[in-house]
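Hi,

Here is the structure I promised to pass on. Have a look at it first, and my notes on what I found follow below.

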Amino acid sequence: MPREEGSKLSRRAWITTTSGVIAAGLVKTQSDAIRLVAQEAPSASSDPTRVPGRLVSGIGSRAPAEQPRRLLRAEALSSSSRTPLADLMGTITPADLHFERHHGGVPDITYGEHELLVHGMVDRPTVFRMSDLTRFPQVSRIQFLECSGNGGGVYNQDRMPTEVTVQALDGLLSTSEWTGVPVSTILREVGVRPGASWILAEGGDAAVMSRSVPLDKVMEDSLLAYGQNGERLRPEQGYPLRLFNPGYEGNTSVKWLRRIEVTDQPTHTRDETSKYTDPLGDGTVRQFSLMMDAKSVITFPSYPYVLPEQGWWEMRGLAWTGRGRIVRVEVSTNGGRSWVDAQLQGPILPKSTVRFRHLFEWNGSDTLLMSRATDETGYVQPTVQQLWEARGPRTSYHQNHQRAWKIARTGEVTFGLGELV
Amino acid sequence: MSPRRWCRSARRGGVTLGLAIVVGGCGGASEGGDVAIMAEGAAAGSGEALASHAPARFGFGASADEARVALWDIDVRPDGAGLPAGSGSVAQGRQVYTLYCVSCHGATGTEGPNDQLVNTEQWDAYPAGRAVGNYWPYATTLYDYIRKAMPQLTPGILTPDQVYGVIAYILWMNEIVPEDAVMDAQSLPAVVMPARDKFVVDDRVGGSGPIR
């Protein structure tokens, strides 16, 4: 049989190609020999059952053919990169694919030298080092982080795109298991004074990024996070320390955190006045719009996928809400004329993404796929028309409306919301 | 510390605001009940409450004296808190702007390539850009931001006089202050910005009511 012949051939080849180096004393161990075999084997076309595989290694890597990448907005100090949502499964974002948004580049900070100053309306102003912070009782939670600018490209009626990926549209969303110490534990340690109602969180980056956050929020469930998906934070996510405000717009989860000041008023920093505020079309501007309301996106099928044939397909996507748990995701295959409940993959965690799936039979006709999420408060992800009515046609941030993907008769999938507006 | 003692401590510390669930647990339920309620409040039942035998204080970290706090306490608020001594005029600010700002913001603060700084056109529905003159609600934010983040390639390089001066110049370009204006810790917070009263508190509440 071929296998027998092949084995003999392999062995002969091995002896032939390696005898010289063995004689030269270069092969001292079994691993040297295997490495030689691996080098000699014509790997691309060979049968992996007939050549030894690679050895154990200090750190793993993706299969060469699997190289998902973040999508860069621009190579600039203040820029962003987006998570390749269509390439991912389940809910956890690999840490090296977590979206980025920073305003002055990624700083290089030495773990052992980083300090967090907590002061203001507290009894005991204190400087904590990382060795102090990691010694406090620790918690871990799986929760999403989303930039409130996510999805801004699919709001303007006059500029509704078609050939756009879910990564480009909604890739400022990632989910991680975050580990750290609750802010409440640290504020208990320093003693918050009566009358306090806000904190100012400030980063140690070149932008000294600063945001005000209500004290009741950070006391409820915010973390000083130093871990992400089982390892220390990546530099792009705030190494060695970030604030993490579950369910709040991502910008408030200040990275490279070096200072918390307890105050009795917001500071009105640039990123809560000139930026991250939402004009409502009536001459007013919504400020401190911190909560990320319920939203869902279909990640498969989505542009530029082409369905190769009719038949059974599984629609897949993510749903999340800053207000707690997702309780329902409905999907439509006819542009919202009728809806059916999608299956939700448990466990459904609060302020985390939920994977939803729905099996559908594509009959080869024009099809418009949609999803809409409902959270535990009863809030239903709105249509874009509902947001236009509430905030006018040109608001910015928090555009969490329902999306749509169109399957053409050719099987080509494009962004389809333009069909409905 | 028991949950009950933590509740008392939190009240002493004045942090009961918004802790509806936790505070509710302080009302006299059994000790065990407090634990369950606190866990729910802290992180939805995931067992995150501090251990009942945790100490009142851990004592980790080092005390920060006034000098240490002052080293990093650089934010500035709308009421002027945090503004340092010093001053700068429109004329002085023009020099600062020409030296440090023009390359990114343009000769008149409108050319870019980075953010537009100048726009005197007021608006009813949506702003045409988010410049100082038509969108920024507080002049103090200019100090907070410029001191921390500008110039982009050499942040933190400007002296207080230079920051005050360049703010005076930017406000003058936006027709908010006269050409003889001088900015300092008293005059800057007194500047009333054109867009100040446009900003409203977020009224979204979730639930099944109207979309906001």
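A definition to begin with: a helix axis here is a line fitted to C-alpha atoms over the stretch in contact, and angles run from 0 to 180 degrees between N-to-C directions. Helices (H or I, at least four residues) and strands (E, at least two) are DSSP runs, numbered from the N terminus. With that in hand, take helix α5 (residues 90-100) and helix α8 (residues 160-173) of chain B: their axes are 7 Å apart and cross at an angle of about 100°. That makes α5(B) roughly perpendicular to α8(B), since angles of 65 to 115 degrees get that label, those under 35 count as roughly parallel, those over 145 as roughly antiparallel and the rest as oblique.

Two housekeeping points. This is a predicted model, so local features need pLDDT of at least 70 and side-chain atom pairs count only at pLDDT 80 or more, while totals for chains, interfaces and linings use all residues. Residues are numbered from 1 along each chain as its sequence is written, and chains are lettered from A and ligands numbered from 1 in the order in which they are written.

Back to that helix pair. On the α5(B) side, the residues involved are B:Val90, B:Gln92, B:Gly93, B:Arg94, B:Val96 and B:Tyr97. They meet a set in α8(B) that includes B:Gln162, B:Gly165, B:Tyr169 and B:Trp172; a contact means C-beta atoms, placed from the backbone, within 7 Å. By class, the residues of this contact are eight nonpolar, four polar and one charged. Here Ala, Val, Leu, Ile, Met, Phe, Trp, Tyr, Cys and Pro count as nonpolar, Asp, Glu, Lys and Arg as charged, and the others, Gly among them, as polar.

On confidence, the model scores ipTM 0.88 and pTM 0.87. Chain B has a mean pLDDT (the predictor's confidence in each residue, from 0 to 100) of 84, and 78% of its residues reach 70 or more. Watch residues 1-45 of chain B, where the pLDDT is below 50; that stretch still has 79 contacts in the model beyond near neighbours in sequence.

How do the two chains meet? The contact takes 74 residues from chain A and 57 residues from chain B. On the chain B side, α3 (31-43), β1 (62-63), α4 (66-72), α7 (140-149) and β4 (199-201) each supply at least two residues. Of these, α7(B) gives the most, with five residues. That side of chain B has 30 nonpolar, 13 polar and 14 charged residues. Two strands pair if DSSP finds at least two bridges between them. In this pairing A:Val127 stands opposite B:Ala62.

Now chain A. Its secondary structure comes to seven helices and 24 strands, and 49% of its 421 residues are buried. Buried means 20 or more other C-beta atoms within 10 Å of a residue's own, exposed means 12 or fewer, and partly exposed is in between, with C-beta atoms placed from the backbone. Among contacts between residues at least 6 apart in sequence, 70% join residues at least 24 apart.

Strand β7 (residues 173-182) of chain A has nine of its 10 residues buried, so it is largely enclosed by the rest of the structure. Which strands pair with β7(A)? Strand β6 (residues 139-146) of chain A does, antiparallel over eight bridges, with A:Phe144 opposite A:Thr175. Strand β10 (residues 223-228) of chain A is also antiparallel to β7(A), through five bridges, and there A:Trp178 has A:Gln228 as its bridge partner.

A:Gly227 is partly exposed, with 18 other C-beta atoms within 10 Å. Beyond four places in sequence, its contacts include A:Trp178, A:Thr179 and A:Gly180.

Helix α5 (residues 183-190) of chain A has eight of its eight residues buried, so it is largely enclosed by the rest of the structure. Charged side chains are on that list, including A:Arg188 and A:Glu189. After α5(A) comes A:Gly191, with a positive phi near 75°.

Lastly, chain A has an open, antiparallel sheet of five strands in the order β19-β18-β22-β23-β24. Its edge strands are β19 (340-341) and β24 (413-415), each pairing on one side only.

Cheers

Methods
Contact = placed C-beta atoms within 7 Å.
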